[in-house]
Amino acid sequence: MTKVRVYVTLKPSLLDSAGRTVAGALQKLGYEELEEARIGKLIELQVDPYSEARVKEMCDKLLANPVIEDYRVEVVA
Amino acid sequence: MKVAVIRFPGANCDQDALHALRDDAHIDAEYVWHEDHSLRGYDAALLPGGFTYGDYLRCGAMAAGAPILDEVARFAREGRPVIGVCNGFQILCEAGLLPGALMANAKQKFLCRDVHLQAVNRSSFWTRGVTKTLRMPIAHLEGRYVADPDTICRLEDEDRIAFRYVPGPGESPEDANPNGATHAIAGVLNEKGNVLGIMPHPERATRKILGSDDGLLILRALCAAKAAA
């Protein structure tokens, strides 16, 4: 069994309204050094057997929307 | 002429849509389950609003993989009328039947209020009858239309912006675009103009007692649809 982490993030050019709200809250808590916060998703998959191509397919077909998101796959163990 | 109102788990505007079509627009309509494989006998499809699959992952992402979407895609290809309202719009984008995506409202707030709309395209199946400013409700958290700049340019050039949010009486242009949509886009069309995605709810504006019956101007376009051969 292989554990795979998929990190899904919004494309840098797009406004992350949730991230902006969180950044505002952190600034109000006194973290003036904070310039930006962006929120993404971490999806953990367990597959057996592991195929890089098939995990990529899962990302392209469902886990990430290429119109607004980028993704990165990390094999954990 | 019969409209298929597609039922998905978690949708909550399917009954409104069926009622609005049948009783207010006087168009024959029936439910079709999302796991069905055929739209035989129907001439148009409506994907209603709601929260399919709890909006998990992304709004409409899971519903876009439903078996019936192959048939909706066939309708799109064949030039038959397809309309996706709110979550239905999100599903059509996720399924690749319309360009772009719907993201969280710029101000991270669920918006439930009336908006004003103007048809930008005036010649498509869905918009040719819409000459006046329409008023109808929105009810969404993820309605900010986005697409890459090239796609937005293409939509403009090809006259595929169906509706834009416009200021109502006494409203500023900033307030008129409730969710921060790119170029205040409220609805877009596919290349042929037979597939419409729209964030506001025409099916909730079909009688004066609801505050507006402007939604009929969109729904009644279906009266002009040809029956399937």
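This is a predicted model: local features need pLDDT of at least 70, side-chain atom pairs count only at pLDDT 80 or more; totals for chains, interfaces and linings use all residues.
Local features need pLDDT of at least 70 and side-chain atom pairs count only at pLDDT 80 or more, while totals for chains, interfaces and linings use all residues. Residues are numbered from 1 along each chain as its sequence is written, chains are lettered from A in the order in which they are written, and side-chain values use heavy atoms, with hydrogens and water left out.

**View 1. The largest nonpolar core has 75 residues.** Such a core is a set of buried Ala, Val, Leu, Ile, Met, Phe, Trp, Tyr and Cys residues joined through side-chain atoms within 4.5 Å; buried means under 20% relative accessible area (1.4 Å probe, protein chains only). B:Leu39, B:Tyr145, B:Phe163 and B:Ile218 have the most contacts inside it. Helix H2 of chain B (residues 68-78; a DSSP run of H or I, at least four residues) gives the most, six residues.

**View 2. Here's what surrounds B:Leu39.** Leaving out residues up to four places away in sequence, B:Leu39 touches (heavy atoms within 4.5 Å) a group including B:Ala4, B:Ile6, B:Val72 and B:Phe75.

**View 3. Chain B meets chain A.** On the chain B side 14 residues are in contact with 16 of chain A. About 1,100 Å² is buried between them (accessible area, 1.4 Å probe, lost on being put together, summed over both), with 60% from carbon and sulfur atoms. B:Leu57, B:Arg58 and B:Met103 lose the most area in chain B, together 44% of what that side buries.

**View 4. One salt bridge links chain B and chain A.** B:Arg58 pairs with A:Glu69, the closest N and O atoms 3.6 Å apart; the cut-off is a side-chain nitrogen of Lys or Arg within 4 Å of a carboxyl oxygen of Asp or Glu.

Key
Buried means under 20% relative accessible area, exposed over 50%, partly exposed in between (1.4 Å probe, protein chains only). Helices (H or I, at least four residues) and strands (E, at least two) are DSSP runs, numbered from the N terminus. Buried area is the accessible area (1.4 Å probe) that two parts lose on being put together, summed over both.
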